[in-house]
Amino acid sequence: MNTSAKVMPKVTAKTLLHPVHFLSLGFGSGLAPKAPGTFGTLAAVPLVLLLQGLPSWLYVLVALAAGLLGIVLCQRTAQHLGVHDHPAIVWDEIAGYLLALSFLPATWFNLLAAFVLFRWLDIRKPGPIGWCDKHLHGGMGIMLDDLLAGVASAAILHLGHALANTLL
């Protein structure tokens with residue numbers, strides 16, 4: 001569904017009082033008047049830093065759990081707002097960015113490279129990312145394209161690190 005073709009209902013700070021919407025709206029970051037997806041991704045950076053002390057397998061498990069939880073969260077908020085994928089719903093960006101840093105240390109390079117890659121893939125939606133965005137609906141449709149963008153970002157970063165280590 002092309003959300004830019006219709007007038008989006010305004011989301012107020014009062015919506016954040018509901019715990020499901022608070023999470024779906026990225027702790028309020030989705031209320032940014034411009035580029036809410038970018039602000040939602042920025043809201044994920046402190047979460048990445050908090051989770052970095054976990055063993056890698058547990059970090060990935062938490063990131064996947066955030067993705068699964070997001071299917072329900074985003075579906076409920078989309079129903080509340082009456083729009084399939086309202087721009088203020090940014091939990092998908094948070095979960096996708098968490099996946100983008102799977103099995104990677106939170107160095108400034110990795111944080112920035114994952115941010116740029118993830119946002120580029122999320123905006124451009126190449127290949128299966130775009131297919132999911134166009135063909136899936138509900139909470140799964142909101143979440144899956146961003147989760148794939150996160151996995152693709154992680155794969156690109158790991159490949160880049162492997163190539164750098166081979167060449168250096």
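Serine 24 is located in helix 1, where helices (H or I, at least four residues) are DSSP runs numbered from the N terminus. The structure is a predicted model, in which local features need pLDDT of at least 70 and side-chain atom pairs count only at pLDDT 80 or more, while totals for chains, interfaces and linings use all residues. Residues are numbered from 1 along each chain as its sequence is written, and side-chain values use heavy atoms, with hydrogens and water left out.

With a relative accessibility of 0%, serine 24 counts as buried; the term denotes under 20% relative accessible area, against over 50% for exposed and values in between for partly exposed (1.4 Å probe, protein chains only). Apart from neighbours within four places in sequence, serine 24 is in contact (heavy atoms within 4.5 Å) with Leu73, Cys74, Thr77, Ala88, Ile89, Val90 and Trp91.

Trp91 is also among the buried residues of helix 4. This helix, residues 91-100, is largely enclosed by the rest of the structure, because 10 of its 10 residues are buried. Its buried residues pack against helix 1 (19-24), helix 2 (36-51), helix 3 (56-81), helix 5 (108-124) and helix 7 (138-167). Glycine 37, found in helix 2, is buried at a relative accessible area of 9%. When residues up to four places away in sequence are not counted, glycine 37 touches Val90, Glu93 and Arg119. The C-alpha atoms of glycine 37 and isoleucine 123 are 9.1 Å apart, although 86 residues separate the two in sequence.

Aromatic pairs were assigned to rings of Phe, Tyr and Trp (its six-membered ring) with centres within 6.5 Å; planes under 30 degrees apart count as stacked, over 60 as edge-to-face and the rest as tilted. The count comes to 3 aromatic pairs. Phenylalanine 27 and tryptophan 91 form an edge-to-face pair, with 6.1 Å from centre to centre and 75 degrees between the planes. This pair links distant parts of the chain, 64 residues apart: phenylalanine 27 belongs to the loop between helix 1 and helix 2, and tryptophan 91 to helix 4. Phenylalanine 27 is partly exposed at 33% relative accessibility, whereas tryptophan 91 is buried at 7%. The rings of tyrosine 97 and phenylalanine 115 are likewise edge-to-face, their centres lying 6.2 Å apart and their planes at 75 degrees. Tyrosine 97 is in helix 4 and phenylalanine 115 in helix 5, so this pair ties together parts 18 residues apart in sequence. Both residues of the pair, tyrosine 97 and phenylalanine 115, are buried. Ring pairs also join Phe22, Phe27 and Trp91 into a cluster.

The structure holds 4 salt bridges, each defined by a side-chain nitrogen of Lys or Arg within 4 Å of a carboxyl oxygen of Asp or Glu. Arginine 119 meets glutamate 93 in one of them, at 3.9 Å from N to O. Since arginine 119 lies in helix 5 and glutamate 93 in helix 4, the pair connects parts that are 26 residues apart in sequence. Arginine 119 also forms a salt bridge with aspartate 122, with the closest N and O atoms 2.7 Å apart. These two residues of helix 5, arginine 119 and aspartate 122, are 3 residues apart and thus separated by about one helical turn. Arginine 119 is buried at 10% relative accessibility, as is aspartate 122 at 5%. Lysine 125 pairs with aspartate 145 in a further salt bridge, the closest N and O atoms being 2.8 Å apart. Through shared partners, salt bridges join Glu93, Arg119, Asp122, Lys125 and Asp145 into one network.
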